[in-house]
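User: Hi! Could you help me read this model, one step at a time?

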Amino acid sequence: MTQLVWNGLFVGSFYALVALGYSMVYGIIKLLNFAHGDLYMLGAFSGFAVLSALGGVATAMTLPVLLAVLLMTMVSTGLAGVVLERVAYRPLRGAPRLSLLITAVGASFAIEYGMRIVAGPDPQVYPVRLSGTAIEVFGAWFTLQQLVLIGVAVVLMVGLNLLVTRTREGRAMRAIALDPRTSSLMGIDVNAVISRTFFIGSALAGAAGVMAGAYYGKIDFLMGFLIGLKAFTAAVIGGIGNISGTMLGGLVLGLLESFGTYWLGGEWRDVFAFGVLILFLTVRPTGLLGERVTERV
Amino acid sequence: MNETKAPEAPRKLGAKAPRTRLSKLFDNRWAGLAGLLIALLAPFVNASNYALSIMTSAAIFAMLASGLNIVVGYTGLLDLGYAAFFAVGAYTSGVLATRFDLPLLVTVPAVIVVTVIAGIIIGAPTLRLRSDYLAIVTLGFGEIIRITANNLPVTGGPSGIYGIPSLTDSPVTFYYVTVVIVAVAIIGASRLGRSRLGRAMRFVREDEDAAEATGVHTYRVKLAAYIAGAVWGGLAGVLFAGHLSAISPNSFTFLQSALVLMAVVLGGMGSVPGVVLGAIVISLLPELLRGVADYRYFVFGVLLIIVMLVRPQGLWPARSKEALK
């Protein structure tokens, strides 16, 4: 029981981290960045490239090195997100929503299969593996490394929350979410703020990618597809566009999946998750903490 | 091709293009007949089993694209899990045909019923929501169907169903039967687009609020489009099952849905001849370009972006009849 809760929270914190980028971008420019899951994959691979270039890493140094790689990856994935926005999304701002969604699908395809050309179709084994001895607390087994990963996720999420609620930059983001045209009249550089939003969202996805790679040990070019879907589910459960809601949604989805797997068996896990998504959209489309969104005319 | 270049890139989907000699030619009713003639004469050029198999697949793919066109092109709803309906049709007919020893044709009514139900189950809750939610929910639905087919004993699990009876004995007759069925389906989709319901669909695509305000029941129109798309996909699934005589969950991945979408977008959303052309290009291109197979999906992705940026109306754009008057 406690084990199920713990597993759920652990997986849920990954979902929350990826879902945050989704939710931020959606909250600000109402775009479902379909390629977001692929930025997660990109993060895992760029971490992989750096770690492979370093060669072997002493076991004692695993965590510090991994944290450094994490930072580098966040920068590179963030930049990739900025480029994506500049090339594929900005020219279409103001175009019908259908065109934007289709470009997003195209971008997702291009990133996935571009990576397949670069890295090959086979899964890669991560050079660093986070696996430690398990400790038992309240009947749940977990490792120190899991704790560290959750800690990193929490730090990133709290930092993001502070950024959005307490800083000038965050205020600009919220202003654009309300009304981009008026914001630009008030002297906000809308394009720059949207670029930075993409940077932050993509960097978080990249961080989650490295952490997943180091924890699960295997990465492949399609790894972002499913997590992108799950992240969207998490964002919808919590209330898309709402930061604390999204974090909550990630944890709730993790818990639901953990219990669903226990009751129904692992092969039904994804069916269960998407079933929950459809149920939520039917019963409470605004999510747990979301506000009522009306489609603008 | 770029006859219709306007000073500013048209932003609206299905925007009007100026009438030129080339577009008049494309608009000609003989274009469809010529396409059918080419399809019927093709086996006289090359009737090897391999060529027939590829041409049959291309025809089935064209039917899928014309079905998705009802949803994406006419009504402007992005469906990213279209392969789900394809799978529902193929599996329903496959299971019925192999379990109860029925000929494939007899399973068609059941397939229609099941795909309509599937369309309602997925469409009814989601079509009330924001249009972009629909995209992801249909994607999730596509995964649900595939994973379910993978897990259930009835559908044969990962290895799928085999030994499905074909509609006919020889590949040549099957090809002709397919061409005729697909042609009927394409004409049906085109007629649907010109009907009262089809006009309502386009109105919903262009401006949902205005449509609602003028008395169009937008939810019902969207659901009708969705169900029509589902039935087209399901019937294409029956042909698919008959063609390959074996189906497995691997045939119904997101990749399949994305390829159909690619055909619709590339050909021109809302334009029936464009979509058929797009489907044939997408399904035959890999056969011609064997050497660059690895780059194929990468190119498709980049192409999707470029089409949306440079020519959102597609290769062979739709022009509404109303605009000509």
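Analyst: Happy to! A residue counts as buried if 20 or more other C-beta atoms lie within 10 Å of its own, as exposed if 12 or fewer do, and as partly exposed in between, with C-beta atoms placed from the backbone. This is a predicted model, where local features need pLDDT of at least 70 and side-chain atom pairs count only at pLDDT 80 or more, while totals for chains, interfaces and linings use all residues. Residues are numbered from 1 along each chain as its sequence is written, and chains are lettered from A and ligands numbered from 1 in the order in which they are written.

User: What share of the residues of chain B count as buried?

Analyst: Chain B has 14 helices and 2 strands; these are DSSP runs numbered from the N terminus (helices: H or I, at least four residues; strands: E, at least two). Of its 325 residues, the buried share is 50%.

User: Which helix gives the most to the side of chain B that touches chain A?

Analyst: Two residues are in contact if their C-beta atoms, placed from the backbone, lie within 7 Å. The contact takes 37 residues from chain A and 40 from chain B. On the chain B side, H5 (108-126), H6 (131-151), H11 (254-267) and H13 (296-310) each supply at least two residues. With 13 residues, the one that gives the most is H6(B).

User: How far apart are the end C-alpha atoms of residues 193-215 of chain A?

Analyst: An unreviewed UniProt entry places a "transmembrane region" at several spans of chain A, including 193-215; such annotations may be inferred rather than shown by experiment. The span 193-215 of chain A is 100% helix and 0% strand. Its end C-alpha atoms lie apart by 33 Å.
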